[in-house]
Amino acid sequence: MAENFRVMFAGLAKDTDQAHAISQLATRLKAPTAKVAAFFENKPLFAPCEKEKALKQAKILASVGIKSKLQPVETSTASSTVASDNETSSQRDERIFNALDYITSSLIRIEEKLDDLEQRLPANQQQATADEDEDWQTDDILLDEELTTPIKKRSNILLFSLIAMVVILLVVLGLSFAFPDLLSV
């Protein structure tokens, strides 16, 4: 049995308005405000997860002025595989909901990391990469010019001299087979 934790609503910090906290949390999590408002009625906002991840979720809630508590939830991986055949639609919906919560929280973390990286980049590097992108899009395709240029004709003197050389060597080889005594002199 693996023990997971669920983050539950415990209260609001001092000087925190519930409507303001709901709107801030909804924009931060990019979740519907109805779902965030349901969290204040002791409905789960996040899926059960490991303790470290639950603590991170509680930290996100604390950043917008929401006090939370961790509630232990025990799950069994062996019983979930056996029960998966007899799963009801509500259980299936809850699993889908949990998966979407996980994806949403992962996307939020990635976005925060990207924002941090953008702030670390100097402004001139950002402008240079933007200019490069614009230049790439405005370049003309060079392939059109290559297809429309006429083919230059080479001089056939080299080709004719090579053919003449091969013919001369074949004649000499034929004579050496026809008259072997001629070369032995």
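Q: Which residues form one aromatic cluster?
A: F9, F39 and F40 do. Keep in mind that this is a predicted model.

Q: How many aromatic pairs are there by the rule used?
A: The count comes to three.

Q: What's the geometry between F9 and F40?
A: That pair is edge-to-face. The centres are 4.8 Å apart, with 65° between the planes.

Q: Where do F9 and F40 lie?
A: F9 is in strand β1, and F40 is in the loop between α2 and α3. The two are 31 residues apart in sequence, so their pair ties together separate parts of the chain.

Q: And why is the pair of F39 and F40 edge-to-face?
A: Because the planes of F39 and F40 sit at 75°, and over 60 degrees counts as edge-to-face. Their ring centres are 6.1 Å apart.

Q: Is F39 buried or exposed?
A: Buried, with a relative accessible area of 0%. F40 also counts as buried, at 10%. F9 is buried too, at 17%, because the cut-off is under 20%.

Q: New topic. How many residues are in the largest nonpolar core?
A: It has 21 residues. Among those with the most contacts inside it are L25, L29 and F40.

Q: Which elements give two or more residues to this core?
A: β1, α1, α2 and α3. The largest share, five residues, comes from α1.

Q: What is L29 in contact with, leaving aside its neighbours within four places in sequence?
A: L29 touches L45, F46, I60, T104 and I108.

Key: Residues are numbered from 1 along each chain as its sequence is written. This is a predicted model: local features need pLDDT of at least 70, side-chain atom pairs count only at pLDDT 80 or more; totals for chains, interfaces and linings use all residues. Side-chain values use heavy atoms; hydrogens and water are left out. A nonpolar core is a set of buried Ala, Val, Leu, Ile, Met, Phe, Trp, Tyr and Cys residues joined through side-chain atoms within 4.5 Å. Buried means under 20% relative accessible area, exposed over 50%, partly exposed in between (1.4 Å probe, protein chains only). Helices (H or I, at least four residues) and strands (E, at least two) are DSSP runs, numbered from the N terminus. Contact means heavy atoms within 4.5 Å. Rings of Phe, Tyr and Trp (its six-membered ring) pair if their centres lie within 6.5 Å; planes under 30 degrees apart count as stacked, over 60 as edge-to-face and the rest as tilted.
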